Amino acid sequence: METFLTRALTLGAIMFICQTTCAEWNATDGLYQRYSLSPGNTSKALPLAISQSPPTQQDARYTEAKSESMVSLLARSSVIFGLTKVVNESQVSGMCYAQLQQIQRAILNKQAWAMKVLDASGTKPSGFVFGQNYWLGSREACQGVQRPVGITLSRNYERAMHYSILTQSAPFEMAYRVIYLRHSSPWQVEIKLMSEQILHIGLCLPSSCQSEEIKQLARDYVADPTFTDNDIYDMKPDVLYVKDLKLSDKFFQRRTFKLVVGSLLVTGALILCAQKLRHATQNQKDEPDPAIGLAPVESEMWRFLDLVLKWQPLQNLVACFDVSTNWRKIFAVKETSGSDIPIMNGLRSVCAIWILIFHVVWYMYFTVHNKTVLISYAEQIFFQYVSSAPLLVDVFFTISGFLQTYNFLRNAQQMEAVRRNGLGGNIKLFGKLLFHRYLRIGPLYLIVMGSVDLVFAYMGDVSVYHINERFDELCTQHWWRNLLFIQNLFDHRELCVNWSWSLACDMQFFLLANIVLFLYARHPRQAKYLVVTALLATITWSYGIGINYKFEFSFDATYATGTQIYTSPFVRILPYIVGAIAAWCLLEKRFHYELTETQTRWLWHFCLLVFIICIYSTVKRDLGYLITISLFVLGRIIFSLTVSWMVIGSATGSGVWWSRLLEDNCFQHLNRLSYGIYLLNPLVIAFVYSLTSSSTHADPFMLSVVCCGFTIIVYFAAIMFSLLFELPYSNLSSLLLRSQWRVKNA
């Protein structure tokens with residue numbers, strides 16, 4: 001009896017050990033099928049176990065160690081798996097906790113949907129040292145976890161893949177989220193150009209987990225020893241926020257949204273009225289009563305509108321919005337007259353496209369994962385024409401100063417009015433000039449500012465990238481600065497639509513130039529002294545600021561001194577003054593030297609050479625600050641003189657083959673769009689980049705292709721915005737000027 005009990009207990013122990021060991025073996029490597037041993041099927045189970053060589057106790061320990069090693073490896077290498085390891089029930093909701101645990105078990109069991117979750121979630125890629133902070137995973141792959149991927153594959157071919165990765169979906173709703181962490185690793189090149197030390201980690205997570213819960217889990221994970229990158233690269237990460245990439249309901253409640261939509265509706269209504277007015281004018285005799293066949297109320301409204309449009313002042317206003325007329329103006333090419341300076345069209349058009357290319361590279365910086373390489377390209381000789389493009393803003397300032405002085409001094413009637421008027425009359429005339437200036441440039445500028453506010457609010461909600469320059473927030477606070485064109489007088493980090501700093505400078509220079517020109521009309525000598533004093537003052541100021549801040553041509557130093565040097569009107573007025581002096585010299589015929597045709601031709605080529613040298617003068621960026629600021633100031637003077645000579649040469653009828661190209665009539669079309677291109681290109685470029693779901697790689701060839709694409713997109717956008725918001729108000733300004741002229745003559 002004792003022997004029988006001993007044997008029975010021994011057999012039962014063997015059966016229990018075999019059952020447990022075989023189940024664990026199946027759960028880890030999946031090499032053996034799970035089988036059960038019971039008194040009823042012992043004879044069938046044993047031969048199967050013997051034939052498949054069941055694992056020994058040593059193999060079981062090896063398998064268990066391998067499983068633990070796999071869990072440890074996943075926790076260290078995968079952020080999504082790490083979150084499932086650190087989560088506990090006290091941190092998150094019950095559903096979120098249960099679903100995260102289910103993801104963990106499914107990954108270990110290699111279920112198809114869980115493997116897609118693991119694959120869609122970001123992990124650390126290579127290239128961290130040179131700026132790879134985008135661990136974005138795949139947004140599309142996360143969407144594939146939620147629904148089957150729409151692709152048909154033939155079963156006639158053998159494939160190693162599991163077909164379930166195409167068809168199997170998650171048992172609960174998943175959503176793509178991005179966690180943003182600021183790190184301070186000494187093992188990454190820090191360029192100091194805004195937000196390059198922000199990690200973007202894209203994860204495919206259960207929708208039941210709220211953003212605040214994910215943020216807390218991320219904090220626990222990066223503080224846990226399993227986050228090995230913190231130990232290896234000394235990241236010291238700080239979790240900033242989590243984005244669910246969904247458009248907020250507040251977007252449609254923004255005041256800017258209502259203003260932009262209202263502006264579009266009013267403009268659309270005026271355009272429709274202009275079309276009706278033009279059609280009625282062309283068919284005035286034969287057209288029947290438009291109210292026939294309408295309901296009584298509609299008939300009365302239509303007759304009232306028709307009656308109102310017969311009021312001549314309103315007709316003139318509505319006619320300014322005629323699309324057909326404005327379209328012809330944009331594409332019209334006319335022969336240049338003696339009063340025109342044709343090279344200005346070419347200079348402004350080429351520089352507008354040139355600056356657009358610079359902005360393509362500038363905004364690409366915030367999406368590339370090899371930022372250091374991109375900056376290194378910008379310091380190479382071949383790419384200097386791109387990295388030095390901001391110098392081309394001086395071309396616009398020089399031309400603006402030249403035109404302002406040239407047009408004012410040539411207007412004999414206006415000069416006589418200034419001399420004849422008293423203080424009150426000149427203030428009134430000054431206000432009229434300011435009003436027309438604002439009317440011509442203000443509407444397009446304001447609608448672009450509203451569009452920037454909306455676009456950046458949209459980007460802040462749905463883009464995978466951290467948006468450092470939140471213009472939607474800055475414009476909400478500082479819109480009044482832009483309205484008054486004084487935004488460049490404040491810190492460049494607080495600018496709403498920061499590329500509009502040059503427009504604010506130009507408006508301020510316009511006001512100062514008019515004051516000096518009014519003074520010149522009455523007291524020429526004092527005005528000349530004032531201009532010379534202003535020229536010397538801006539040179540002295542530039543030297544003082546450069547020495548005080550130890551200015552260098554490096555990109556980080558240029559950005560850091562943006563407020564004091566780059567956007568400062570006290571520094572940027574230098575080319576404007578040079579252009580104004582050049583216009584005065586041309587009109588006063590201060591050029592007494594008669595040059596031969598050969599000398600003129602060589603002077604043109606010399607100007608082009610100096611222009612190119614100025615563009616490439618920053619190729620050496622580690623000069624001492626004294627040499628740097630001297631090169632900066634003197635180079636800008638020489639650069640402005642070069643542009644002034646080109647303008648004067650074109651005005652006097654001289655030129656060479658390349659200047660004739662810039663004087664070609666085709667540039668008249670682009671010149672009419674240059675203001676729209678200038679305002680719209682950063683908005684379009686930033687918006688397109690924000691829509692991408694993965695970081696880009698800085699490559700010169702692809703960059704050239706991207707630049708061509710952006711040029712075409714911005715060109716068509718400039719046509720549309722000019723038709724709607726620039727030309728109509730330019731027409732209105734001209735209409736008011738003609739009306740005032742008729743009243744005075746009457």
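Trainee: Which residue lies over the face of Phe490, and at what distance from the ring centre?

Mentor: In this predicted model, Arg481 lies over the face of Phe490, 3.7 Å from the ring centre. A second case involves Arg155, whose charged end sits over the ring of Tyr163 at 3.8 Å from its centre.

Trainee: How many aromatic pairs are there?

Mentor: Two rings count as a pair if their centres lie within 6.5 Å. The count here comes to 41 aromatic pairs. One of them joins Phe509 and Tyr576, with 5.2 Å from centre to centre and 55° between the planes. Planes over 60 degrees apart would be edge-to-face and those under 30 stacked, so this pair is classed as tilted.

Trainee: Which parts does the pair of Phe509 and Tyr576 tie together?

Mentor: Phe509 belongs to helix α22 (residues 501–522) and Tyr576 to helix α26 (residues 569–587), so the contact links parts that are 67 residues apart in sequence. Phe509 is buried, at 2% relative accessible area, and Tyr576 is buried as well, at 4%.

Trainee: What kind of aromatic pair do Tyr715 and Phe716 form?

Mentor: Tyr715 and Phe716 form an edge-to-face pair, with 5.2 Å between centres and 70° between the planes. Tyr715 is partly exposed, with a relative accessible area of 21%, whereas Phe716 is exposed, at 53%.

Trainee: Which residues form one aromatic cluster?

Mentor: One such cluster consists of Phe251, Phe252, Phe257, Tyr458 and Phe687.

Terms used. Residues numbered from 1 in each chain as written. Predicted model: local features only at pLDDT ≥ 70, side-chain atom pairs only at ≥ 80, totals over all residues. Heavy atoms only, no water. Phe/Tyr/Trp six-rings, centres within 6.5 Å; stacked < 30°, edge-to-face > 60°. Helix = DSSP H or I, 4+ residues; strand = E, 2+ residues; numbered from the N terminus. Buried < 20%, exposed > 50% of the residue type's maximum accessible area, 1.4 Å probe, protein only. Lys NZ or Arg CZ within 6 Å of the ring centre and 35° of its normal.
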